[in-house]
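Let's walk through this one together, a question at a time. Keep the viewer open while you read.

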Amino acid sequence: MLKKLILMKSQKLENKILIAILTICKKKLRANFKIENSNKSLRSLAKKIGLGLHPKWDSLVHLDIIVALEKKFKVKANNKNINKFANTYDFFKFICYKKKN
């Protein structure tokens, strides 16, 4: 029971992080996609929005989003890992990793 409760809290936190990332991307892209608060749809949407995957997402927007996410989540991307951010789900994995360590 306790393990299930901890897992539920973890999923809620992950959903909040994904919603924040997608909201920043939506604002920077001036896009009109719907953000639904379900674990499966958030992850699916995050994998579909990224460099080369969205028509308004170019290299300048890419850097603008990285800077905004660094400020929001107080993390730093460096030259080694900045090329690994192909979509918003990659940002999510990076932020979760940084927050845990």
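Q: How many cavities of 30 Å³ or more does the count come to?
A: This is a predicted model, where local features need pLDDT of at least 70, side-chain atom pairs count only at pLDDT 80 or more, and totals for chains, interfaces and linings use all residues. Residues are numbered from 1 along each chain as its sequence is written, and side-chain values use heavy atoms, with hydrogens and water left out. A cavity is a set of points on a 1 Å grid over the protein atoms alone where a 1.4 Å probe fits but cannot get out. With that rule, the count is 1.

Q: Which helices each supply at least two residues of the lining of the largest cavity?
A: Lining residues have an atom within 4 Å of a point, and among them are Ile66, Leu69, Phe91 and Phe94. Helices here are DSSP runs (H or I, at least four residues), numbered from the N terminus. The two suppliers are helix 3 (59-73) and helix 4 (88-100).

Q: Is His54 buried or exposed?
A: His54 sits in the loop between helix 2 (39-48) and helix 3. Buried means under 20% relative accessible area and exposed over 50%, with partly exposed in between (1.4 Å probe, protein chains only). His54 has 17% relative accessibility, so the label is buried.

Q: Over which residues does pLDDT stay under 50?
A: pLDDT is the predictor's confidence in each residue, from 0 to 100. Where it is low, the predicted coordinates should not be read in detail. The stretch under 50 is residues 1-7.

Definitions and conventions
On a 1 Å grid over the protein atoms alone, a cavity is a set of points where a 1.4 Å probe fits but cannot get out, and a pocket is an open set with protein on both sides within 12 Å along at least five of seven lines; lining residues have an atom within 4 Å of a point. Grid points are joined across faces, edges and corners, and a volume is the space filled by probe spheres set on the points. Contact means heavy atoms within 4.5 Å.
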